[in-house]
Structure formats: structure tokens, C-alpha cells
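Below is a short briefing on selected local features of one protein model.

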Amino acid sequence: MTHRRVWVAGVLAVALAAGGCTGADDGGFRPGAADAGDPYVPGAGNGGYDVGHYALDVRYDPADDRLTGTATLTVTATRALSAFQLDLAGLTVDRVAVDGAPARHRRDGAELIVTPAHGLPAGKRFTVEVAYGGVPRPLPDPVLGDGGFHHTPDGAIALGQPQSASTWFPVNDHPSDKATYDVAVTVPDGLAALANGVPKGRTTAGGWTTWRWSERSPMASYLTTLVIGDYRVTTGTHGGKPLVTAVAATLPADGPAAASVARTGEVVDFLAARFGPYPFDAYGGVAVADDRIRYALETQTRPVYGPGFFRSGRPNTEVVAHELAHQWFGDSVSVARWSDIWLNEGFATYAEWLWAEHDGGRTVARTVADRYAATDWSKPSVDPGRAGMFGDAVYQRGALAVHALRRAVGDETFYRVLRGWLAERRDGNVTTADFIGYAERAAGRPLRALLDAWLVGGTPPGLP
Ligand SMILES: [Zn+2]
């Protein structure tokens with residue numbers, strides 16, 4: 001994510017959410033946990049199973065803001081389950097089936113609690129089909145900003161970090177459970193409906209058009225997006241893969257947003273030369289016009305850019321470089337818990353600096369000197385607190401740590417470490433300790449003390 005302005009976030013007490021496990025019943029079948037146990041997102045995610053695939057079929061009518069959908073999840077039980085939970089905020093559930101058989105279901109706030117007719121043994125693969133509908137709403141979050149399904153004058157934008165997906169489909173809403181997706185979105189003829197991944201064609205019937213998308217690489221739920229409305233959609237290819245970009249029709253066709261998104265392929269190539277092969281089957285970007293989207297987000301294969309980045313009237317490819325760098329750092333290799341978000345933002349911010357230097361802007365050395373001088377060393381990059389997830393300690397200090405690593409090991413080793421890390425952990429979930437361990441092995445030297453000083457130490461390390 002990129003924010004246009006520095007956030008001065010208030011202090012927020014974070015309570016550990018209680019797990020959902022109670023006593024065992026027959027045969028060791030117990031209810032799955034009510035959340036993923038991540039204190040940055042209390043209540044989000046669930047336990048006891050792993051989703052492999054989501055097949056979503058949704059219809060949205062901007063005239064009455066109603067969404068109706070069917071979600072079919074392919075799931076594996078990670079222990080014996082008598083019941084399990086999905087995250088679903090608002091909306092009404094009409095019916096739930098597990099392996100085709102009707103299942104009991106009830107709601108508890110933003111949780112959908114499903115009790116199948118029979119217990120699910122550990123290791124069992126099963127399908128969950130949920131039919132649902134209603135008027136979707138974003139999740140109010142006074143600290144991090146509202147995420148989720150926003151109605152717009154011409155359609156909708158579903159977007160947000162750390163949470164958004166549960167406002168438009170039932171989901172295990174935590175990045176630790178990545179899955180593949182097929183999404184079919186039906187909207188009135190004439191509107192575009194963009195989502196993640198490879199375009200799989202459109203069909204029209206009775207005044208409605210269905211747009212189909214497929215994401216075959218595992219994707220964290222916060223990286224899903226849905227953008228519906230009046231857009232200029234451009235479909236091409238880059239490096240033999242589909243490249244789909246879209247610019248809101250209310251933005252000028254030759255304006256800075258369109259010009260910036262048009263450089264997507266060029267920026268990708270710059271990053272791939274440093275980080276290794278692009279990890280997904282499609283490229284793209286969407287420039288929206290809604291002022292409530294005050295950020296850009298690295299939604300997988302198709303980042304979404306808010307209008308503020310282009311308000312100066314000049315193109316802004318630094319934000320494009322940031323969101324595209326996330327395709328490697330954050331999307332392909334994802335955090336296992338939000339306290340390690342610097343692994344996403346530190347590298348994406350550093351990529352922004354590299355691109356700026358390459359594109360005739362400020363040198364990395366100059367940016368490093370400025371950011372170093374402005375750093376508050378009392379604020380750690382790792383475990384910055386929920387309110388600090390999008391703060392300078394994560395982005396700027398995190399990027400300074402990346403630069404310190406580069407200077408310590410030299411360019412050749414630095415890029416070899418990054419490429420090796422991205423290849424080894426592709427499609428996976430990682431922690432800060434994983435990264436430091438990998439870097440030490442790949443570089444063949446101790447790096448923990450150096451990275452600790454740059455990431456979490458309370459005093460300024462010597463400028464490299
Ligand atoms: Zn970011």
C-alpha cells in the first residue's frame with residue numbers, strides 16, 4: 001500500500017482475541033477457532049482448515065446497490081472439525097452446503113458459523129457452498145481507514161488493507177491462508193467489472209454482462225479486488241502474458257493517471273531485472289477516481305491507484321513501481337502475520353527509490369540521506385503496533401534497512417539474496433526471522449546484528 005500523506009496515527013490498545021476452542025465432543029471433533037490469532041486484526045481469519053480455492057459468482061446492480069452471490073470454497077480440514085467459521089461482514093446468508101449437503105449456519109457479528117451434518121476428519125478435503133446477498137458496506141476503521149466494498153456513483157470498488165474481502169464474500173480473511181480464485185462478476189451491460197488475474201472472457205445476456213477472471217497463483221484475501229463502473233479498459237499482452245489496465249472514464253484519457261498506468265510493463269521489466277521473474281500470469285493496474293480511495297494497493301496482478309497520486313498533473317510512476325514491487329514482496333511472498341508488514345513495505349519503498357533513480361529522479365543516496373535524517377529511531381519497523389502498520393517506521397525505516405543490507409554485502413550478493421529469497425518462498429508466507437535466516441545463509445555471513453540495529457534498535461546506526 002502507498003499512502004499519499006504521512007499518517008499520524010493515534011495509540012490503540014490491542015487486545016488478544018480469545019480463541020474459539022471449547023471442550024472436545026465425540027471423536028475429537030471440535031469447532032474451529034474463531035480467528036487466526038493475529039492481534040493486529042482481532043476476529044479476522046479462522047482456524048482448523050485451509051482454503052485451497054474460491055469460486056465466486058456475484059451479481060451487482062449499481063441501481064439498488066445489491067449484490068447477490070454464490071461462493072464455492074474448496075477446503076481442507078487441518079484437524080477434526082465439528083463446526084467451522086468464515087468471515088462475512090454484513091450481507092444475508094440464504095443457504096450453506098458442505099459437500100453438497102445442507103449445513104446448519106448462524107451468524108455471530110462478522111462470523112458465519114457452519115455446522116455440517118457430519119464431523120470433518122483431519123485432512124479431509126471438502127467443499128462449502130454459500131448463497132448470500134444484500135447491500136455490501138465497508139468495514140469502519142477509524143485508525144487504518146475503511147476497507148471493503150464502497151459504492152461509487154457508477155458502480156463499486158472493493159479494496160482495503162488489512163481487510164476488505166469479507167465485505168463481499170465469505171472468506172478465511174487472513175494472509176496466512178492463501179488460495180486460488182475464479183471470479184465471475186455480472187453487471188449491467190456497458191459497465192466494466194475488473195478483478196484479479198487472467199481475463200477469461202465475457203458473455204452478455206438479457207442486459208447483463210458477466211466478466212470472468214482467474215487467479216491461479218495463491219492469493220492473500222486482502223489482495224482481492226473488484227472494481228465496477230465506467231472505465232476505459234485496455235487489454236494487451238506483455239512478455240506473452242495478458243496485461244489489462246483500466247482508467248476511470250471521468251479521468252482524462254491523456255492525463256497523468258493514464259500515462260502512469262501505461263508504463264506498467266516497462267516498470268515490471270525494470271523490477272524483474274533485479275528481483276527475478278515476475279511471479280504471476282497476468283499484469284495490470286486500475287486508476288479509480290473516487291476520492292475516498294486515498295491510497296494505492298498492490299491487489300494481485302492488478303494494483304488499484306487512488307486519484308490523489310496524479311493530482312499534481314504530472315505522471316507518478318513511483319507509486320506504480322511501489323505497487324508492482326509488491327507483486328514480489330507481499331503478494332508472491334506474503335507475511336504470515338501483520339507485525340512483519342515491513343517485509344512488504346520496506347522492499348516496495350526501496351524499489352520506489354531504485355525506480356526514481358533509474359527514471360531520472362532523485363538518487364538512492366540522496367533519498368537515503370534524507371530519510372535517515374528524518375527517522376525516529378524509537379519506532380521499530382518490526383511489530384510497529386496495529387496503529388503503526390502504515391507508518392514511517394515500516395516504510396521508510398524498513399527501506400533504510402534494505403539499503404543497509406545492500407551496502408553491507410555489496411550489490412551482487414544483495415540481488416542474489418533477494419532473487420533467491422523470492423524464488424525459495426514463492427507463493428508462501430514468511431516472517432522476519434525467515435528473511436534474516438535466509439539472508440545469512442545466502443550471503444554466508446552473520447547479518448542479524450546489522451538488521452536488528454536498522455530495524456528495531458533505539459539509536460541511529462552509522463549511515464552506510
Ligand atoms: Zn506498499
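Ser-339 is buried, at a relative accessible area of 12% (buried means under 20% relative accessible area, exposed over 50%, partly exposed in between; 1.4 Å probe, protein chains only). The model is predicted, so local features need pLDDT of at least 70 and side-chain atom pairs count only at pLDDT 80 or more, while totals for chains, interfaces and linings use all residues. Residues are numbered from 1 along each chain as its sequence is written, and side-chain values use heavy atoms, with hydrogens and water left out.

**Ser-339**
- Ser-339 sits in the loop between strand E24 (334–335) and helix H4 (342–358); helices (H or I, at least four residues) and strands (E, at least two) are DSSP runs, numbered from the N terminus.
- Neighbours within four places in sequence aside, Ser-339 is in contact with Tyr-40, Ser-381, Val-382, Asp-383 and Pro-384 (contact means heavy atoms within 4.5 Å).

**Sheet**
- An open sheet of six strands has the order E1-E22-E23-E21-E20-E19, with mixed pairing (two strands pair if DSSP finds at least two bridges between them).
- Strands E1 (2–3) and E19 (231–238) are at the edges with a single partner strand each, so one side of each has no neighbour in the sheet.
- Strands E20 (241–248) and E21 (283–287) run parallel and are joined by five bridges.
- Thr-245 has Gly-285 in E21 as its bridge partner.

**Helix H5**
- In helix H5 (364–374), the buried residues are Val-364, Thr-367, Val-368 and Tyr-372.
- These residues lie on the same side of H5 because they cover an arc of only 130 degrees around the axis, taken from the directions from the helix axis to the C-beta atoms.
- The buried residues of H5 pack against H4, helix H6 (392–409) and helix H9 (448–455).
- Exposed residues Ala-373 and Ala-374 are on the face of H5 turned away from its buried side.
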